[in-house]
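I opened my notebook to record what I looked up in this model.

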Amino acid sequence: MLQSKVLEHNLYIAGLVFAAVSFAGIIFAISAPFDVSSIIPPCTFKSVTGLYCPGCGGTRAVISFVTGHWLKSFMYNSFVPYCGILYILFMAKGTRAFISKGKYQYMKFRDIYVFCGIAILLIQFVARNIMLLVYGKDLLAGH
């Protein structure tokens with residue numbers, strides 16, 4: 001039991017570090033004297049196969065998510081807002097647990113979170129490629 005609480009606390013601290021690094025990256029992207037998206041290489045999987053990979057649209061989804069365009073983020077890559085919402089919930093519960101000094105518990109890790117994430121990635125991967133191959137609709141073209 002104590003080992004679980006230490007793990008949850010350490011994950012919360014890692015979440016704070018992630019937030020700080022992400023914030024620094026956002027500040028860099030905003031203040032850079034060039035378009036940061038121009039240095040991001042194209043998807044190798046899509047370049048080689050012509051098909052979407054499970055992560056296609058992820059960078060645009062992150063940018064949309066952090067700028068408050070959540071529907072757009074979902075349309076680019078639904079896994080990103082899924083992870084974003086889980087992260088926000090985890091950090092909110094972790095902050096409450098940290099401030100209360102144990103009166104409230106940290107959010108527990110559940111295998112279902114991973115299974116749901118994998119399902120989202122697979123459904124999106126299959127649906128986008130069906131739209132591309134069967135109907136000729138390139139859903140991320142021109143974005």
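Which helix holds Leu89? I looked and found Leu89 in helix H5. The model is a predicted one, and I read every value below as computed from it.

**Entry 1**

I checked the accessibility of Leu89 next. Its relative accessibility is 46%, so Leu89 counts as partly exposed. I then took the distance from Leu89 to Lys108. The two are 19 residues apart in sequence, and their C-alpha atoms are 11 Å apart in space.

I moved on to Lys93, which also lies in helix H5. Lys93 is at 38% relative accessibility and therefore counts as partly exposed. What does Lys93 touch, not counting residues up to four places away in sequence? I found Gln105 and Met107. Lys93 and Met107 are 14 residues apart along the chain, with 5.9 Å between their C-alpha atoms.

**Entry 1: H5 as a helix**

H5 has 21 residues and should span 30 Å at 1.5 Å a residue; the end C-alpha atoms are 30 Å apart, so the two agree.

Which residues of H5 are buried? My list reads Val80, Pro81, Tyr82, Gly84, Phe90, Met91, Gly94 and Ala97. After the helix I noted Lys101, which follows H5 and has a positive phi near 55°.

**Entry 2: H3 against H5**

I turned to helix packing. Two packed helices are described by the angle between their axes and the distance between the axes. I looked up both for H3, residues 58-66, and H5, residues 79-99. Their axes come within 9 Å and cross at roughly 45°. That angle makes H3 oblique to H5. The crossing of H3 past H5 is right-handed.

Which residues of H3 and H5 meet? From H3 I wrote down Gly58, Ala61, Val62 and Phe65. From H5 I wrote down Val80, Pro81, Gly84, Ile85 and Ile88. By class, this contact of H3 with H5 has seven nonpolar residues, two polar ones and no charged ones. Val80, Pro81 and Gly84 of the H5 side are also on my buried list.

I also checked Thr59, which lies in helix H3. Thr59 counts as partly exposed because its relative accessibility is 42%.

**Entry 3: H5 against H6**

The helices pack at an angle of about 160°, and their axes are 9 Å apart. H5 is therefore roughly antiparallel to H6. H5 passes H6 in a right-handed crossing.

Which residues make the contact of H5 and H6? On the H5 side I found Phe79, Tyr82 and Leu86. On the H6 side I found Ile112, Tyr113, Cys116, Gly117, Ile120, Leu121 and Gln124. By class, the contact of H5 with H6 has eight nonpolar, two polar and no charged residues. Tyr82 of H5 is buried.

**Entry 4: H6 as a helix**

What is buried in H6? I listed Gly117, Gln124, Arg128, Asn129 and Leu132. I then asked where they pack. The buried residues of H6 pack against helix H4, residues 70-76, and H5. Beyond the helix I noted Gly136, which follows H6 and has a positive phi near 70°.

**Entry 5: Met131**

My last stop was Met131, found in helix H6. Is Met131 buried or partly exposed? Its relative accessible area is 29%, so Met131 is partly exposed. I looked up its contacts, not counting residues up to four places away in sequence, and found Gly136, Lys137 and Leu139. Gly136 is the residue with positive phi that follows H6. Met131 and Ile120 are 11 residues apart in sequence and 16 Å apart in space, C-alpha to C-alpha.

Note on methods
Residues numbered from 1 in each chain as written. Predicted model: local features only at pLDDT ≥ 70, side-chain atom pairs only at ≥ 80, totals over all residues. Heavy atoms only, no water. Axes fitted to C-alpha atoms, helices over the stretch in contact; angles between N-to-C directions. Helix = DSSP H or I, 4+ residues; strand = E, 2+ residues; numbered from the N terminus. Parallel < 35°, antiparallel > 145°, perpendicular 65-115°, else oblique. Left-handed = near helix turned anticlockwise from the far one by under 90°. Contact = heavy atoms within 4.5 Å. Nonpolar A, V, L, I, M, F, W, Y, C, P; charged D, E, K, R; others polar. Buried < 20%, exposed > 50% of the residue type's maximum accessible area, 1.4 Å probe, protein only. Expected span 1.5 Å × (residues − 1).
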